[in-house]
Structure formats: C-alpha cells, structure tokens
Amino acid sequence: MEFLELLKALILGFVEGMTEFAPVSSTGHMIIVDDMWLKTEEFLGMYSANTFKIVVQLGSILAVVVVMWKRLFSLVGLYKIESEQSSKQFNLLHVIVGMLPAVILGFAFKDLIDDYLFGVETVIFSLVAGAILMIVADKFGPKKPKIVTLDQITYAQAFKVGLVQCLSLWPGFSRSGATISGGVLFGMSHKTAADFTFIMAVPIMAGASLVSVLKNWEQINIDDMGFYIVGFLSAFVFALVSIKFFLKLIDRIKLTPFAIYRLILAAVLAVIVFM
C-alpha cells in the first residue's frame with residue numbers, strides 16, 4: 001500500500017486508541033474522521049472499511065490485557081487474587097451475564113447496524129443521546145456508592161449494566177459511556193464501573209471483530225493487510241496511554257465533562273453536515 005494510505009491507518013489507530021476507553025465513542029470518532037477527511041472507503045470498499053473500524057479495536061483490547069492482566073487471568077484460573085469480600089469474588093460469570101444482552105442483540109441486528117448506522121448523521125444523534133445518559137448518571141447516581149470494588153458487584157447488577165450496554169450498538173453512543181453510566185446508576189463508583197467496562201470489553205470486542213472478519217472475509221483484499229496491521233499497532237500503543245490516564249481521571253471528574261464535549265462535538269458536526 002502507498003505511504004499516504006498507511007498514514008491514514010496510523011491516524012485511525014490513534015483515534016481509536018485515544019478514544020476507546022473514554023466515554024466519547026471511538027467508533028463514532030473514527031466514522032467522523034474517516035467519512036469527513038480520510039475516505040478509506042474509496043480504496044478499501046465499504047465493508048472492508050467498516051470491518052477495519054471494528055478490527056482495529058483489537059489493538060485497544062490487547063492494551064487492556066496488558067494493563068489488567070492480573071484480573072483477566074484470575075477469571076480463567078491463571079492468577080489468584082485475594083478478594084476483599086470473604087463470601088464472593090468477581091468471576092467469569094459476572095462477565096458472561098454482563099455481555100450476554102449486547103451479544104444477542106449484536107448478532108440479531110449486525111446487518112442493520114452495518115448498513116444504516118455507520119454514518120456521520122447517525123453519530124451526531126447518538127453523541128447527544130449518550131451525553132444525556134451520562135449527565136443523568138452523574139446527577140441521579142448515589143453520592144456515596146456502595147459498590148466500590150469489582151468483588152462487590154452482584155450478578156443482577158452485571159446483567160442490568162449489560163442491558164444498558166446494548167445502547168452502544170448504536171455507533172457513536174460509546175460502550176464505555178453506556179456501561180459506566182449504567183454502573184453508576186446501579187450503585188457502582190465511577191472507577192469500579194470503568195473497571196467492569198474494560199474487562200467486559202475484551203470478549204465483546206474480540207468477538208465482534210471475529211464475526212465482522214468472517215462475515216466480510218471475501219471483501220477484504222490481502223493487499224490491505226498492511227493497513228490493518230498499522231492500524232492495530234497504532235491503536236495498541238495509544239490505548240496503553242489512554243487507559244492508565246482515564247482510570248486515574250474518572251473518579252475525580254466523573255462523566256459530565258465528557259458529556260459536554262460530546263454535545264459540543266455534535267453541535268459542530270451538525271453545523272458542518274446540515275447547514
């Protein structure tokens with residue numbers, strides 16, 4: 001591939017890595033940057049370009065594994081974590097229960113999402129909707145949350161957060177924005193909700209990438225592998241930086257500043273697109 005095309009992969013990887021774990025929607029930002037400036041669909045094709053926007057998230061997922069490897073390995077019995085709760089410990093079933101609603105709906109509506117929701121216009125509305133949910137979570141969530149560690153999360157709470165996570169199937173809504181908001185509304189601290197969000201993201205995003213690749217395999221040209229690899233590596237490096245920064249920040253500033261950013265971005269995009 002040409003240098004300019006690989007540079008576009010680097011840029012999209014940067015956008016993905018820096019926004020995946022902030023509640024601003026990495027997919028929404030990639031759609032905005034790509035549709036308005038980079039135009040990768042012109043040389044990748046629509047389905048391959050959409051698949052890239054999902055597969056590049058694997059770089060961010062690898063970054064989560066690197067940062068949270070102890071907790072992730074403990075879920076499959078490869079590492080022992082001493083629980084602060086004598087009666088229970090956060091386990092793989094919490095993750096399964098939390099991700100199940102989005103997995104079912106994702107499979108059911110995959111084609112509709114690919115065909116109708118990957119566009120700047122739809123992202124504008126999802127940015128606003130996600131911002132409203134985040135403001136509601138900060139305003140009506142408990143001032144002194146009772147769930148301050150992962151080991152205090154119940155299966156019922158995990159499932160409820162999973163239901164809210166289904167909103168993130170709408171590109172631009174933000175997976176972390178939806179799940180952190182849901183966690184806060186159901187009694188978790190912002191940090192605990194973020195930890196749960198990141199852990200759930202690993203199997204969900206890996207599975208979504210695999211499904212997208214298999215579905216669109218015939219549309220992906222072997223010559224495009226360099227584009228995918230550069231995007232993957234770029235997302236991994238920048239996600240490592242953003243995860244550590246975000247986890248230190250979220251309990252201090254909450255969700256509202258991110259919601260305000262989303263509303264401003266939506267307003268700017270609306271002026272550009274609709275005026």
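Reply: Going along the sequence, the pattern of the protein chain is α-α-α-α-α-α-α-α-α-α-α-α-α. That's 13 helices and 0 strands, where helices (H or I, at least four residues) and strands (E, at least two) are DSSP runs numbered from the N terminus. Bear in mind that this is a predicted model: local features need pLDDT of at least 70, side-chain atom pairs count only at pLDDT 80 or more, and totals for chains, interfaces and linings use all residues. Residues are numbered from 1 along each chain as its sequence is written, and side-chain values use heavy atoms, with hydrogens and water left out.

How far can you trust it? The pLDDT, which is the predictor's confidence in each residue from 0 to 100, has a mean of 91 over the protein chain, with 98% of residues at 70 or more. Helix α9 (residues 155–165) comes out highest at 97, while helix α4 (residues 46–55) is lowest, at a mean of 86.

Now your patch. Trp 69, Phe 73, Val 76, Leu 78, Tyr 79, Leu 92, Leu 93, Ile 96 and Tyr 155 make it, and it covers about 820 Å². Two elements give two or more residues each, α6 (69–75) and α7 (92–116), and α7 is the top contributor with 3. To be in a patch, a residue needs over 30% relative accessible area and no salt bridge; nonpolar side chains (Val, Leu, Ile, Met, Phe, Trp, Tyr) are joined within 5 Å, like charges within 9 Å. A salt bridge here is a side-chain nitrogen of Lys or Arg within 4 Å of a carboxyl oxygen of Asp or Glu. The areas are Shrake-Rupley values with a 1.4 Å probe, and for residues only the protein chains shown count as cover.

Take Trp 69, one of the patch residues. This Trp sits in helix α6 and is partly exposed because its relative accessibility is 35%; the cut-offs are under 20% for buried, over 50% for exposed, and partly exposed in between (1.4 Å probe, protein chains only).

For the setting, UniProt's unreviewed entry puts "transmembrane region" at residues 51–69, 90–110, 116–137, 196–214, 226–247 and 259–274. Those positions use the numbering here, the feature names are shortened, and annotations may be inferred rather than shown by experiment. Residues 196–214 are 100% helix and 0% strand, with the end C-alpha atoms 28 Å apart. Residues 116–137 are 86% helix and 0% strand, and their end C-alpha atoms also lie 28 Å apart.

Zooming out, the C-alpha trace spans about 55 × 45 × 35 Å along its principal axes. Of the 275 residues, 53% are buried.

Lys 39, in the loop between α2 (26–38) and α3 (41–44), has a positive phi near 55 degrees without being a glycine. Ser 174, in the loop between α9 and α10 (175–185), also isn't a glycine and has a positive phi of about 90 degrees. Ser 174 is buried because its relative accessibility is 4%, whereas Lys 39 is partly exposed at 36%. Finally, Arg 252 in helix α12 (residues 225–253) is exposed at 62%, and its C-alpha is 9.2 Å from that of Lys 191, 61 residues away along the chain.
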